[in-house]
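Hello,

Here is the structure I promised to pass on to you. Have a look at it first, and then read what turned up in it below.

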Amino acid sequence: MNYLLIWDIDGTLIRTKGVGKRAMNTAFYKLFGIEDGFGPINMAGMLDAIIVRKAFEIHNIPVALPDGRENTDIERFYELYIEALSAEISMIQGSIACPGVLELLETLHRKDNFYNVLGTGNIEAGARLKLSVDNMNRYFPTGSFGNRQIERYQLIEEAIANSEEYFKMTFQRDKIFVIGDTPKDVECGNKLGIKSIGVATGNYNKKQLSEHGADYVFENFSDITSFLEIF
Ligand SMILES: [Mg+2]
């Protein structure tokens with residue numbers, strides 16, 4: 001039986017200690033001279049495309065030009081964000097992987113019936129930078145990213161479609177798992193008729209994740225045997 005595992009990044013695979021938010025604040029400051037532009041925004045489980053537009057709105061910066069086209073500052077913002085994130089990432093020393101994640105991914109990677117992909121709110125360039133710290137990109141050949149303004153369940157739906165195209169196979173719905181650290185992640189399970197695994201390495205505990213419909217919950221992924229018992 002083939003299993004598709006769709007992984008969230010922040011709080012699930014890695015803990016970046018706020019580098020994402022810092023890099024966004026740096027980019028926002030460079031572009032608009034506004035400090036802590038993202039301060040009031042809770043980014044957990046949200047897509048970058050939506051986070052960025054929210055910051056623009058909070059600071060009364062138009063997201064669309066008078067002629068209806070998107071404000072070109074959004075694209076410029078992403079360029080500055082990736083530049084700032086790259087600088088932040090280069091200063092990280094040691095691993096930022098959540099407990100057990102590296103060993104679990106390696107274990108799954110060695111099995112020929114597990115397919116790991118990303119389903120993340122990060123824009124792809126940001127996702128790949130963050131995962132480069134622990135050399136994790138090799139485990140995730142495809143997935144779906146937060147470049148567009150869509151709902152999280154649509155992002156996961158897109159990850160499934162991209163995976164089926166990439167691996168040239170169809171996955172049964174009950175063999176597809178969305179894995180994440182926020183209610184927004186695990187809620188996708190019920191919405192899409194797929195399974196969900198919550199992990200309490202982000203800002204939510206096991207109880208909260210269960211209450212939002214997680215089929216399975218873990219404190220962290222250090223117990224690989226228990227994780228594999230799901231399948
Ligand atoms: Mg997360």
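The largest nonpolar core has 42 residues, and I6, L13, F177 and I179 touch the most other members. A nonpolar core here is a set of buried Ala, Val, Leu, Ile, Met, Phe, Trp, Tyr and Cys residues joined through C-beta atoms within 7 Å. A residue is buried if 20 or more other C-beta atoms lie within 10 Å of its own, exposed if 12 or fewer, and partly exposed in between, with C-beta atoms placed from the backbone. Apart from that core lies another one, of 14 residues, including A23, F56, Y81 and A84. As background, nonpolar side chains in soluble globular proteins tend to be buried together.

Before you go further, please note that this is a predicted model: local features need pLDDT of at least 70, side-chain atom pairs count only at pLDDT 80 or more, and totals for chains, interfaces and linings use all residues. Residues are numbered from 1 along each chain as its sequence is written.

What does I179 touch? Leaving out residues up to four places away in sequence, its partners are L5, I6, W7, D8, T12, I197 and V199. Contact means that the C-beta atoms of two residues, placed from the backbone, lie within 7 Å.

Now the strands. Strands (E, at least two residues) and helices (H or I, at least four) are DSSP runs, numbered from the N terminus, and two strands pair if DSSP finds at least two bridges between them. Strand β2 (residues 114-119) has five of its six residues buried, so the rest of the structure largely encloses it. With strand β1 (residues 3-7), β2 pairs in the parallel sense over five bridges, and W7 stands opposite L118. On to strand β3 (residues 143-144): two bridges join it to β2, again in parallel, with G119 opposite S144.

Strand β5 (residues 195-199) has five of its five residues buried. K195, I197 and V199 cover one side, and S196 and G198 are on the other. β5 pairs in parallel with strand β4 (residues 176-180) over four bridges, where V178 stands opposite S196. β5 also pairs in parallel with strand β6 (residues 216-218), over three bridges, and there G198 stands opposite V217.

Finally, the protein is divided into domain 1 (3-15 + 96-228) and domain 2 (19-90), with bounds from an automatic or database domain assignment. Their C-alpha centres lie 25 Å apart, and the contact takes 22 residues from domain 1 and 14 residues from domain 2.

Happy exploring!
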